[in-house]
Every structure is written in structure tokens, then in C-alpha cells.
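Hi everyone, and thanks for coming. Let me put the structure up so that we can walk through it together.

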Amino acid sequence: MALFGWPKTIHWTDFGTPVSSVPTSYTGSHTDCHIEIDIDFSWNGTVRVKPGGDFQLKDVKVEVKLDSGATWVLAGVPTASNQAKVLKHEQGHYNIAGIAARDVERALKKLRNADSSALEADANSTANSIVGDGQTEEDTYDDVAANGGTDHGNDATQQATWNSKIAAAKSLADLP
């Protein structure tokens, strides 16, 4: 079992060459920068835990990675006075994804089933559910303060609260 790509400290260089305007493909409301994170998971078939026993997944791999084609920053943001605040907020997104990936890896490691095909179906369902929960957390993280979010990092009090909760999180269940 293996988790790759997290923890990781992100840097402005992870956002590629700064762009002069918000990409037309971007449909979000935040306009300084955008980080797109993928969680990939795979395994190499199944193996019996012991002869005649349940199956478990073999060679599980979970990876957190930046989607460089959809990650961007506007020119000037990496040198603006608020650059540390903006980058810290984007690090929060990466850490929420990392916690989700860790939860996927742990869940897949624990799965057992007497039927190999059913185990693989359970694994896909379990992993996709956890990844979806992570995306929901990221959406809440960006939401307005009235809904428990940071308003894309613009609400300093909420951002500080989220920073603490992310740092203390043992799983997605520990986040708001």
C-alpha cells in the first residue's frame, strides 16, 4: 500500500507561468488563482489474505497530484502583498485533498471480501465516495463565511479556523 504526493508544500512555481487573465475555461468565482488537484487510485488485482480466506487488494497505489493544465495564477499575485495569504489558502486545498487520499489508502487497505470481483467493486465505490467527500470539503472551504467557509481565503477568522482544523485532521470526518 502506498500514498504518493502528500504531504507536500506547494509553491508558486507549481502554478506554472502566471497568466494575464482568467482562463475562459474557468467557471469558478475566485479570480486570483486556481489549484486543481487529482486523486488517482489503483491496485493490481486481488490476493487471498490466507488460503481459502477473504480477498484483499494487491499493490494499492493512491496519488495526489496537481493538474497543471487546470492550475493557474494571475500575473502579479505571486509578488503582491497578499501572496502568503493566497498561497496558504491554496495549500489548504492541497491538504484537504491529501487527507482524502490518505483516507482512500487506509480504506482500501482494510477492505476484504470473499468474492474478488465484489471486492474490486467495493473498492471503486469506497474510493470514489471518499474522493467526493473531499471535494465537498474543498467546496465548503471556499464557500462564504455564513456557510462555514473562508470566502476563498478572504475571511481571515474563518481561514485561521480552517488552518487549525486541517492541521489537526486525522481524517475527512475531522473537518467541518
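First, some ground rules. This is a predicted model, where local features need pLDDT of at least 70 and side-chain atom pairs count only at pLDDT 80 or more, while totals for chains, interfaces and linings use all residues. Residues are numbered from 1 along each chain as its sequence is written, and side-chain values use heavy atoms, with hydrogens and water left out.

So, where is there empty space? Rolling a probe the size of a water molecule over the atoms shows that. On a 1 Å grid over the protein atoms alone, a cavity is a set of points where a 1.4 Å probe fits but cannot get out; a pocket is an open set with protein on both sides within 12 Å along at least five of seven lines; and lining residues have an atom within 4 Å of a point. Points are joined across faces, edges and corners, and a volume is the space filled by probe spheres set on them.

The largest pocket holds about 450 Å³ of space. It has 21 lining residues, and His 34, His 93, Gln 135, Glu 138 and Asp 139 lie nearest its centre. Which helix gives the most to this lining? That's α2, with six residues. Helices here are DSSP runs (H or I, at least four residues) and strands are E runs of at least two, numbered from the N terminus.

The whole structure has one cavity of 30 Å³ or more, and the largest cavity has a volume of about 50 Å³. Its lining includes His 30, Asp 32, Lys 85 and His 89.

His 89 also turns up in our helix pair. α1 and α3 (residues 156-168) pack at about 35°, with axes 10 Å apart; axes are lines fitted to C-alpha atoms, for helices over the stretch in contact, and angles run from 0 to 180 degrees between N-to-C directions. Among the contact residues are His 89 and Ile 96 of α1, and Trp 162 of α3, where contact means heavy atoms within 4.5 Å.

Leaving out residues up to four places away in sequence, Lys 65 touches Glu 36, Ile 37, Asp 38, Asp 40 and Tyr 94.
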